[in-house]
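Subject: Structure for your files

Hello,

Here is the structure I said I would pass on. My notes on it follow below.

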Amino acid sequence: MQKILIAAIDKDGGIGKDGYMPWHYPADLKLFMNLTMGNTIVMGRKTFDGMFDRDKAPLKGRQNIVVTSTADEYRSRFADKYPPSELSFTTDLNYKDVELAKETKIFYCGGANLYQQVLKIVDLDIIYLSRLEEGYDCDTFFPRNPESIDKEFEPYLPPHFINSFSDKMAGKNSFTFQIYTPKPLIIY
């Protein structure tokens, strides 16, 4: 089972404003959909609420898992509307109380608190970052590399990860799509 962090960040590291993404990049949304479709996505409660309030959640064609300290309350609120295979709630970042679909990839898709926890304790296989060229006056941010505090924003990435792919995605709203993977283990 692959564990993948996926995020879109603006030039200042912003990931959201007022509970939602303040930009619309159709090519990035299509990329997100193509990568995550048929798999499992894990999000924090604030991310879920922001999407649900705009009739965007749960995301169709994916098993949605929401990590929240109030999982029982949410579970009872949504139990009669969505089956657990479509929408589940858990207090455990390792979602041991949720039955996962077989042969699934796990995509961690926000928000800020979830990204921070995942980067600290989850053994990730891949990180996908869409880096936008503009700033969007965000109020929620991706974890920052502490070495970039006085410089241009650089996201925090585990030190054993390297940029293994980068491509400028052209179009009306261009952005750079980057893939980070663990450094290869060299055995002498």
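I start with the pocket lining. Each of β1 (3-9), β2 (14-16), α1 (26-36), α2 (45-52) and α4 (112-121) gives at least two residues to the lining of the largest pocket. Helices here are DSSP runs of H or I with at least four residues, strands are runs of E with at least two, and both are numbered from the N terminus.

Before the rest, the basis. The model is predicted, so local features need pLDDT of at least 70 and side-chain atom pairs count only at pLDDT 80 or more, while totals for chains, interfaces and linings use all residues. Residues are numbered from 1 along each chain as its sequence is written, and side-chain values use heavy atoms, with hydrogens and water left out.

Pockets

The largest pocket has a volume of about 1,100 Å³. Its lining comprises 41 residues, and T47, M51, C109, G110 and G111 are the ones nearest the centre. By class the lining of this pocket holds 19 nonpolar, 14 polar and eight charged residues. The second largest pocket contains about 230 Å³ of space. It is lined by 13 residues, with N145, P155, L157, P158 and P159 nearest its centre; the classes there are eight nonpolar, two polar and three charged.

For the terms: the search runs on a 1 Å grid over the protein atoms alone, and a pocket is an open set of points where a 1.4 Å probe fits, with protein on both sides within 12 Å along at least five of seven lines. A lining residue has an atom within 4 Å of a point. Grid points are joined across faces, edges and corners, and the volume is the space filled by probe spheres set on the points. Ala, Val, Leu, Ile, Met, Phe, Trp, Tyr, Cys and Pro count as nonpolar, Asp, Glu, Lys and Arg as charged, and the others, Gly among them, as polar.

Overall fold

The protein has four helices and 10 strands, in the order β-β-α-β-α-β-α-β-β-α-β-β-β-β along the sequence. The C-alpha trace spans about 45 × 45 × 30 Å along its principal axes. Of the contacts (heavy atoms within 4.5 Å) with a separation of 6 or more, 64% join residues 24 or more positions apart.

Buried positions

Buried residues make up 45% of the 188, where buried means under 20% relative accessible area, exposed over 50% and partly exposed in between (1.4 Å probe, protein chains only). In α2 the buried residues are T47, F48, D49, G50 and M51. Their cover includes β3 (40-44), β4 (63-67), α3 (71-78) and β5 (87-90).

S130, in β7 (residues 126-132), has a relative accessible area of 3%. Leaving aside residues up to four places away in sequence, S130 touches A7, A8, I9, D28, L31, F175, T176 and F177. S88 lies in β5 and is buried at 9% relative accessibility; with the same exclusion, S88 touches N64, I65, V66 and V98.

Cysteines

How many disulfides are there? The count is zero, a disulfide being a pair of cysteine sulfur atoms within 2.5 Å. C109 is in none, as the nearest cysteine sulfur, that of C138, is 16 Å away. For C138 that distance is too far for a bond. C109 is buried at 14% relative accessible area, and C138 is buried at 11%.

Backbone points to check

Two peptide bonds are cis. One runs from A57 to P58, with omega near 0°, and P58 is in the loop between α2 and β4. The other runs from G110 to G111, with omega near 5°; G111 is in the loop between β6 (106-108) and α4.

D55 is not a glycine but has a positive phi near 55°. D55 is in the loop between α2 and β4 and is exposed at 72% relative accessibility. D137, also not a glycine, has a positive phi of about 50°. D137 belongs to the loop between β7 and β8 (140-141) and is exposed, with a relative accessible area of 59%.

Regards
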